Amino acid sequence: MIKGQLEGRRIVLGLSGGIACYKAAELVRALVKEGAAVQVVMTEAAQHFITPVTLQALSNREVYASQWDARAPNNMAHINLTREADAVLVAPASADFVAKLLHGRADDLLSLLCLARPIERCALLVAPAMNREMWAHPATQRNFAQLRADGAVVLGPGCGDQACGETGDGRMLEPEELLDELIAFFQPKALLGKRVLITAGPTFEAIDPVRGITNLSSGKMGFAIARAAAEAGAEVTLVAGPVHLPTPRHVTRIDVRSAQQMHDAVLPVAARHDVFVATAAVADWRPAQLAEHKIKKDGPSQSGRLVPSFELTENPDILAAVARLPERPYCVGFAAESRDLLKHAREKLARKNVPLIVANLGPATFGQDDNTLTLVDAEGHRELPRADKLSLARALVAEIAARIASDKT
Ligand code: C5P
């Protein structure tokens with residue numbers, strides 16, 4: 001996780017009553033760690049679940065709970081608290097609190113400040129937390145639909161075990177998930193309504209049932225691009241080779257193993273996308289024959305040890321195949337080289353017939369958390385200086401968005 005992604009952001013964190021209040025402590029800590037200034041406001045019900053003492057200590061700010069709080073010289077906490085805020089996040093948002101919000105009722109400090117916030121520049125985000133029957137109830141569903149229609153952003157809920165012992169929809173998202181949602185909320189929506197298809201990671205080409213040929217790609221860059229594209233508002237499909245990375249939020253993931261499987265997952269859907277980013281380090285070759293059983297060290301005659309030899313056959317070039325489609329998406333290729341970066345990138349641009357190649361040094365990027373990228377197109381090249389992969393992914397996404405907006409295909 002990169003530090004300081006909420007640097008300079010001012011968040012009012014509102015807690016209404018619910019057992020998920022225990023997660024709010026962790027959330028405050030996560031927000032503060034990312035650089036946000038967090039002002040906690042609690043309802044009376046929330047204070048039955050967690051004390052202001054804990055939240056004051058974690059946020060390093062006095063907590064507000066009453067509309068009659070006279071600490072502010074003008075005695076108007078409900079106005080003051082949102083005038084400098086970038087967003088109000090209500091987490092947990094109880095069924096009762098949301099019912100109150102959507103009617104514009106304002107009989108406690110939190111509902112009062114939600115109503116009194118400057119609606120154009122201080123967003124309202126709500127993270128529901130309630131029993132599954134309460135969540136599924138038509139009244140609750142109606143209330144949340146109306147809340148969305150009024151411009152609020154509803155985060156979750158999650159699904160799973162509930163404190164009441166039941167299982168289903170209604171859990172508050174985990175603090176880490178809420179943090180990612182908030183970070184994403186503040187990213188520019190440069191790809192809103194666009195569909196983006198991404199390949200990531202290595203491929204694994206089987207030799208026999210237990211062995212295979214693969215490479216050192218970690219998938220981190222492709223996963224970062226998937227996250228950045230989703231943050232930018234795109235509908236993202238990520239076709240991933242064998243990697244152990246969590247799926248970014250709101251990304252549809254398809255797991256594959258071999259280059260052929262990756263090809264078969266990508267080709268039928270590629271034309272339905274606006275952008276295709278091929279970050280996968282696809283194996284160029286695979287063994288021509290797959291041994292049905294594990295190849296043993298001893299030969300069948302037991303007469304001596306054999307060193308097996310393999311014939312290789314070429315894998316399909318996924319990027320080139322997508323670029324050949326009549327209704328092709330905007331295609332972006334990657335070039336991981338060990339030398340002569342620009343020369344190889346230019347060759348790839350022509351050979352694969354794509355408008356943009358992102359070049360990087362393979363040994364310097366595989367498995368690393370940061371990198372340097374060089375964008376190469378028909379007109380020249382431009383460097384994105386060394387940064388963490390998520391920052392580079394966001395810069396690349398902004399670049400792609402600008403290019404498709406100007407129809408530079
Ligand atoms: O062909 P080469 O490996 O030099 O090009 C790398 C670029 O092509 C990357 O974007 C990679 O994802 C893509 N590629 C592919 N299918 C292959 C080989 C490479 O999509 N079989």
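Modeller: Here we go, and let's start with a loop: proline 157 sits between β5 (153-154) and β6 (158-161). Keep in mind that this is a predicted model.

Biologist: What makes the peptide bond between glycine 156 and proline 157 worth a look?

Modeller: That bond is cis, with omega at about 5 degrees. Most peptide bonds are trans. Another cis bond runs from alanine 91 to proline 92, with omega near 0 degrees, and proline 92 belongs to strand β3 (residues 87-93).

Biologist: Why is the pairing of arginine 195 with glutamate 235 called a salt bridge?

Modeller: Look at the distance from N to O: 3.3 Å between the two side chains. The cut-off is 4 Å from a side-chain nitrogen of Lys or Arg to a carboxyl oxygen of Asp or Glu, so the pair counts. Side chains of opposite charge can pair when their charged atoms come close. The whole structure has 27 salt bridges.

Biologist: What makes you say that arginine 195 and glutamate 235 link distant parts of the chain?

Modeller: They are 40 residues apart, with arginine 195 in strand β8 (residues 195-200) and glutamate 235 in strand β11 (residues 235-240).

Biologist: Which backbone atoms lie by a nitrogen atom of the ligand?

Modeller: A polar backbone atom of proline 316 is 2.8 Å from a ligand nitrogen, and for isoleucine 318 the distance from a polar backbone atom to a ligand nitrogen is 3.0 Å.

Biologist: How much of the ligand does the protein bury?

Modeller: The protein buries 88% of the 440 Å² that the ligand exposes when taken alone.

Biologist: Who is in the shell around the ligand?

Modeller: There are 13 residues, and Ala278, Ala280, Phe334, Lys348 and Lys352 come nearest. By class, the shell has 7 nonpolar, 1 polar and 5 charged residues. Helix α12 gives the most, with 3 residues.

Biologist: Last one: what makes the lining of the largest cavity nonpolar, class by class?

Modeller: The lining consists of Leu191, Val196, Ile225, Ala229, Val275, Val277, Val397 and Ile400. Ala, Val, Leu and Ile count as nonpolar, so the tally is 8 nonpolar, with no polar and no charged residues. Elements that give two or more residues to this lining are α9 (220-231), β13 (275-278) and α14 (389-405). The volume of this cavity is about 40 Å³, and the count at 30 Å³ or more comes to 1 cavity.

Conventions: Residues are numbered from 1 along each chain as its sequence is written. This is a predicted model: local features need pLDDT of at least 70, side-chain atom pairs count only at pLDDT 80 or more; totals for chains, interfaces and linings use all residues. Side-chain values use heavy atoms; hydrogens and water are left out. A residue is near a molecule or strand if one of its heavy atoms lies within 4 Å of it. A polar contact is a pair of N or O atoms within 3.5 Å; within protein, one must be able to donate a hydrogen and the other to accept it, and residues adjacent in sequence count only if both atoms are side-chain atoms. Accessible areas come from the Shrake-Rupley method with a 1.4 Å probe; for residues, only the protein chains shown count as cover. Helices (H or I, at least four residues) and strands (E, at least two) are DSSP runs, numbered from the N terminus. On a 1 Å grid over the protein atoms alone, a cavity is a set of points where a 1.4 Å probe fits but cannot get out, and a pocket is an open set with protein on both sides within 12 Å along at least five of seven lines; lining residues have an atom within 4 Å of a point. Grid points are joined across faces, edges and corners, and a volume is the space filled by probe spheres set on the points.
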